[in-house]
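Colleague: Before we discuss the packing, could you put the model up and take me through it?

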Amino acid sequence: MTRNPTRLALPLSLLVAAPFLMALVASSPARADDDRYARAMHSLSEADARYREGRVADAYQGYLGLLREFPTWWLPTLKAGVMARAMSMPAETVAAWVQRAGSLSPSGAYVPLVEGFLAPGVPRDPSRRDDAPPPAVADPLADRLALLRAGRLAAQGRIAEAEAEYRVILSRTPSVLVARWRLSRLLRTAGRPAEAAALLREGGARSSFPTRWRTEAAAVERSNGLDSAPK
């Protein structure tokens, strides 16, 4: 039986072209963009991690690096402003970062919240009802901003509001031990030592250094005539 050479040539040409086609797909603009965006999100996460570790200057440089590649990305722009303030840069520099972030049309009320920290008084989320807790924000800086807000409220004597802020943090991220510690001190000052001691003992169960928490809980109970036995 005679084979048709045309039928052989077609599959052979496909085999020859296959590596070229695969390379073309692998290097397509869509794939390159996906890789670029994935690297950007990884860089953002790394900068956030540096901030959580207390490496503020390194975090700031990480956000600046992202902005060199994505100058209109509002989130690292805003975070650069937060880092600028953490490093005690001039107020004009901090305000410029926040204003720039606001001009990039970010969604939600996150920018107004940060802007509030740049002015006297306690910032208020303009989208929040008076009877509603603040929404959870999927961002590493959210709890730190809430801690600042709670501390300012407590300093102004607005104890109930400060307590509410601390409890929102703990309901969202129970591992934020500083919120638990500060809330326990707030409750002790407000004449609620039993609740304060309970929070301290809960913190001891979560902390890598439980002795400090348990010692503080026992001191609160002892000084207020409460049963000091472990609960």
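Colleague: How does Arg85 count by relative accessibility: buried, partly exposed or exposed?

Modeller: Buried means under 20% relative accessible area and exposed over 50%, with partly exposed in between, for a 1.4 Å probe and protein chains only. Because its relative accessibility is 39%, Arg85 counts as partly exposed. Keep in mind that this is a predicted model, in which local features need pLDDT of at least 70, side-chain atom pairs count only at pLDDT 80 or more, and totals for chains, interfaces and linings use all residues. Residues are numbered from 1 along each chain as its sequence is written, and side-chain values use heavy atoms, with hydrogens and water left out.

Colleague: In which helix does Arg85 lie, and how far apart in space are Arg85 and Ala95?

Modeller: Helices here are DSSP runs (H or I, at least four residues), numbered from the N terminus, and Arg85 lies in helix H4. Ala95 is ten residues from Arg85 in sequence, and their C-alpha to C-alpha separation in space is 9.1 Å.

Colleague: How are H3 and H4 oriented relative to each other?

Modeller: The axes, lines fitted to C-alpha atoms over the stretch in contact, have angles that run from 0 to 180 degrees between N-to-C directions. For H3 (residues 56-69) and H4 (residues 74-86) the axes come within 9 Å and cross at roughly 150°. Angles under 35 degrees count as roughly parallel, over 145 as roughly antiparallel, 65 to 115 as roughly perpendicular and the rest as oblique. H3 is therefore, relative to H4, roughly antiparallel.

Colleague: Which residues of H4 make the contact with H3?

Modeller: With contact meaning heavy atoms within 4.5 Å, H3 contributes Val56, Ala59, Tyr60, Tyr63, Leu66 and Leu67. From H4 the contact is made by Pro76, Thr77, Lys79, Ala80, Met83, Ala84 and Ala86.

Colleague: What is the orientation of H8 and H9?

Modeller: H8 (residues 159-172) and H9 (residues 177-189) pack at an angle of about 155°, with axes 9 Å apart. The two helices H8 and H9 are therefore roughly antiparallel.

Colleague: Which residues of H9 make the contact with H8?

Modeller: On the H8 side the contact involves Ile159, Ala162, Glu163, Tyr166, Arg167, Ile169 and Leu170. On the H9 side they are Ala179, Arg180, Arg182, Leu183, Leu186 and Leu187.

Colleague: Which residue follows H7, and what is its phi near?

Modeller: H7 (residues 142-155) has 14 residues and reaches 20 Å from first to last C-alpha. H7 is followed by Gly157, whose phi is positive, near 80°.

Definitions and conventions. The expected span of a helix is 1.5 Å times one less than its number of residues.
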